[in-house]
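Please view the sequence and the structure together before reading on.

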Amino acid sequence: MNSSITTRIILADAQPVYREGIKSLLADHQSNYRIEEAGNSEELRPALLSFQPDILILDYDPGYFDADELVNTLSVIPECKVILLSSQQKKVDIFRLLDSNIYCVLTKECKKRDIHQAISCTLRGEKFFCTFALDLLLADRRKTLSVRSLPPEGLSVRETDVIRQIVSGKSNKEIAGSMHLSQHTIHTHRRNIMRKLQLHSAVELCNYALETGIVKLES
C-alpha cells in the first residue's frame with residue numbers, strides 16, 4: 001500500500017477503550033490513516049455523510065447502532081467499504097449487515113496483523129474473513145439450507161453469475177458495471193433469485209452458493 005495516500009477510516013464502537021485500542025494499533029502502521037470516531041447511530045450517520053470514509057470499521061451492537069438507518073446511509077455512499085468487528089462472546093448474527101458492502105469480518109479476539117490484512121484486502125476490493133467468521137458461516141449454512149431451494153440448474157446463467165458477484169461482496173452498482181447492465185436490472189435479478197430460491201437474506205444466498213458449488217471456498 002502506498003503510504004503517501006491517505007485512507008479515511010471511521011471507527012464505530014460503543015466502547016471508547018476499544019476505539020482507542022484500534023487507533024493505537026493503526027498508528028503503529030506505516031500507512032497514512034485519517035481517523036474519525038462514532039459511539040452510536042446519532043454520531044455515525046453525520047460522520048459518514050460529512051467525512052465520506054473509505055472504510056468503516058464497525059462493532060455492530062444493535063443497542064447502539066440501528067441497522068436499518070446504517071443500511072440507508074451506506075447506500076448513499078457506496079464507495080465506503082465495511083469491516084465488521086464483533087466479539088466471539090456475542091452470540092449474534094455477524095452477517096446481519098452483509099448486504100451493506102461488508103468486505104471483511106473479524107472478531108475482537110483476532111491478532112493485530114489480521115486488522116492490517118483486513119484493511120489492505122478491503123482497499124484492494126478483496127474479502128477477508130477470520131477463521132471464526134468462516135466457522136459461523138459454514139455452521140449457519142447447515143441450518144438455513146433446506147429442500148425448498150432449487151438446484152443450480154433451476155437458475156439462468158446470468159442469475160448464477162449475479163449470485164457469484166453478490167457473494168464476492170460487490171454492490172449492485174459494481175455488479176451492474178461489470179456486467180454492463182443497469183442497477184435496476186441487477187436489483188430485479190436479485191429479487192427474482194431470492195423469490196426462486198425462497199431465500200430471505202444475503203446470508204442464506206451465500207450459504208446456498210456454497211452448498212451447491214456455485215461458489216467454492218479456497219483451501
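What share of the contacts in the chain with a separation of 6 or more comes from residues 24 or more positions apart? Such residues account for 67% of these contacts, where contact means heavy atoms within 4.5 Å.

## Basis of the model

This is a predicted model, in which local features need pLDDT of at least 70 and side-chain atom pairs count only at pLDDT 80 or more, while totals for chains, interfaces and linings use all residues. Residues are numbered from 1 along each chain as its sequence is written, and side-chain values use heavy atoms, with hydrogens and water left out.

## Overall composition

The chain has nine helices and six strands; these are DSSP runs numbered from the N terminus, helices being H or I of at least four residues and strands E of at least two. Of the 219 residues in the chain, 47% are buried, that is, under 20% relative accessible area with a 1.4 Å probe, counting protein chains only. The chain exposes about 11,600 Å², and carbon and sulfur atoms supply 50% of this area, computed by the Shrake-Rupley method with a 1.4 Å probe.

Six strands form an open sheet in the order 2-1-3-4-5-6, with parallel pairing; two strands pair if DSSP finds at least two bridges between them. Strand 2 (32-38) and strand 6 (128-129) stand at the edges with a single partner strand each, so one side of each has no neighbour in the sheet.

## Strand 3 and its partners

Strand 3 (residues 55-58) is joined by four bridges to strand 1 (residues 6-12), and the two run parallel. Ile57 is the bridge partner of Leu11. Four bridges also join strand 3 to strand 4 (residues 81-86), again in parallel, and Ile55 stands opposite Lys81. With helix 3 (residues 67-76), strands 3 and 4 make a right-handed β-α-β unit: with the strands pointing away from the viewer, the path from the first strand over the helix to the second runs clockwise.

In a regular strand the side chains alternate between the two faces of the sheet. In strand 3, Ile55 and Ile57 point one way and Leu56 and Leu58 the other, and all are buried.

## Packing of helix 4

Helix 1 (residues 16-27) and helix 4 (residues 112-123) pack at an angle of about 75 degrees, with their axes 11 Å apart; axes are lines fitted to C-alpha atoms over the stretch in contact, and angles run from 0 to 180 degrees between N-to-C directions. Helix 1 is therefore roughly perpendicular to helix 4, a term covering 65 to 115 degrees. Ile22, Leu25 and Leu26 in helix 1 meet Lys112, Ile115, His116 and Ile119 in helix 4.

Key: Buried < 20%, exposed > 50% of the residue type's maximum accessible area, 1.4 Å probe, protein only. Parallel < 35°, antiparallel > 145°, perpendicular 65-115°, else oblique.
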